[in-house]
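The stops below concern contacts between charged groups.

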Amino acid sequence: MVPWIGALLGALLGLLLSLRAGAADAKARSCGEVREAYKAKGFSLLNIPYQEIAGEHLRICPQEYTCCTSEMEDKLSQQSKLEFENLVEETSHFVRTTFVSRHKKFDEFFRELLENAERSLNDMFVRTYGMLYMQNSEVFQDLFIELKRYYTGGNVNLEEMLNDFWARLLERMFQLINPHYHFSEDYLECVSKYTDQLKPFGDVPRKLKVQVTRAFIAARTFVQGLTVGREVANRVSKVSPTPGCIRALMKMLYCPYCRGLPTVKPCNNYCLNVMKGCLANQADLDTEWNLFVDAMLLVADRLEGPFNIESVMDPIDVKISEAIMNMQENSVHVTAKVFQGCGQPKPAPALRSSRSVPDTFNTRFRPYNPEERPTTAAGTSLDRLVIDIKEKLKLSKKFWSTLPYSICKEERVTAGLSNEEDCWNGHTKAKYLPEIMNDGLTNQINNPEVDVDITRPDTYIRQQIMALRVMTNKLKNAYNGNDVNFQDTSEETSGSGSGSGCTDDICPTEFEFITTDAPLVDSDRREVDSSSASQPSWSALTWFVICLVLLLQKQCR
């Protein structure tokens, strides 16, 4: 054999052997980086391979040479589920805390506003009317008790409650301005029936009814909306991933570990498809959520403007005092009309007959100055509080449909948009090619990453959608000044009795009341039958006819 041929064969043989050795080394790459990353997650390194092993045992990741055992794949799969749940909860933290904190602030503000108004009325009436007020203070205390009960969801009809307040006040006032008479309970009941007809308090009750009713309806509905938003956000942010979603999460987050690439992060578009598949039902909440937020913003506009509860409650003591002054000025006319309708009352005993109308009724309160409106423990006036809530509400719109984007833009989750070629695509380190799916459950039918059953919507999410829909309807009613019974969720359009009568977004400033005549009552408060009451007139007419006939007969003779 020629010497140089032998040398050439030897060199080729050596090269072949070295290539085979290199291939063997490639198949048995070190798992050192994977072990370090796995340990950093808090897992034990017991039975974790030092070099890659055959991957036929893998159920989720590519069945190639791998650094993962079956136990590692199971643990990393559970880890991916846990991290996904935490990601959703962390990303939704803003929207959840928005409703929690703003509900707390608004509720604190409203409750203290009522307490301040009650305290102010009590202090001013004690100074102005003294013992007379203190002897009748339960009338005013009951008014605030009922207002608070309404706000907290009690079954209170605002219009009936306010009518009852003015009727009771008229009864008390009528006794004070007529101290020379004794009035039975039945007689006072007759007096109260003249509240609307005689308008003894002037126009104050009508105006105050319109203002209080629509302001309280708006405020109660608004705080109820904050409660519903808080509950829905809390519930929906606690996700329960399906088995198909867990597989996709494992493949995206930890299959790089099994391939010996623990530092390679998922491609951004790859992450989006996984998240859109896993959060498909949450995205379906978005439409109703946006309508709910829009309705909240509309009611917030009302609270800033014509339905401002602060501008109603702060001067309520002055308004009631004005009504009392009107009653004092109209006392002669009112007394005459009541005596005419209810009958002449019995004189009071001698000891009480010397009473006279106290001069304190002639005292008026100082004019109300809007600049003196106090701030409350909530730290702000209603206008500033509502503006703050509106800003936060606007930021929460489209939250659920953009949730996948919010998660996938996190640096700790994906490689980012700038590394489209140098990221994990579910199989290897390369660009992710499939198109991004649209939002919602039905659009996931062809999702390449998550196996989604579009025929089975999440019933829990559907319940939240219904809760938002019902609340949105109530907010729309409140925007128009109409009350809705919060305890009745079976009929979305059913309403309770209270309402300002607003229609087509126009709230009237005038209300018309249909008055009815009170029944005639004698001095002993026995109702007189209408037929018997009219008998004297018929009797006189009969005598007149008889006399006329006799006179004509006499003339004819």
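Are D483 and R220 buried or exposed? Select the two residues in this predicted model and colour them by relative accessibility: both D483 and R220 are buried. Their side chains meet in a salt bridge, with an N to O distance of 3.5 Å. This pair links distant parts of the chain, since D483 sits in the loop between α22 (459-479) and α23 (530-533) while R220 belongs to helix α10 (residues 204-236), 263 residues away.

Next, move to helix α6 (residues 137-151) and select E146 together with R149, which are three residues apart there and therefore separated by about one helical turn. The side chains of E146 and R149 form a salt bridge at 3.1 Å, N to O. Because its relative accessibility is 22%, E146 counts as partly exposed, and R149, at 37%, is likewise classed as partly exposed.

From there, go to helix α20 (residues 382-395), where K392 and D388 lie four residues apart, about one turn of the helix. K392 forms a salt bridge with D388, and the closest N and O atoms of the pair are 3.3 Å apart. D388 has a relative accessible area of 18%, which means that this residue falls under the 20% limit and is buried.

For the last stop, select E90, E410 and R412 at once, as these three residues are linked in a network of salt bridges. If you wish to continue on your own, a search of the whole structure finds 28 salt bridges.

Terms used
Residues are numbered from 1 along each chain as its sequence is written. This is a predicted model: local features need pLDDT of at least 70, side-chain atom pairs count only at pLDDT 80 or more; totals for chains, interfaces and linings use all residues. Side-chain values use heavy atoms; hydrogens and water are left out. A salt bridge is a side-chain nitrogen of Lys or Arg within 4 Å of a carboxyl oxygen of Asp or Glu. Helices (H or I, at least four residues) and strands (E, at least two) are DSSP runs, numbered from the N terminus. Buried means under 20% relative accessible area, exposed over 50%, partly exposed in between (1.4 Å probe, protein chains only).
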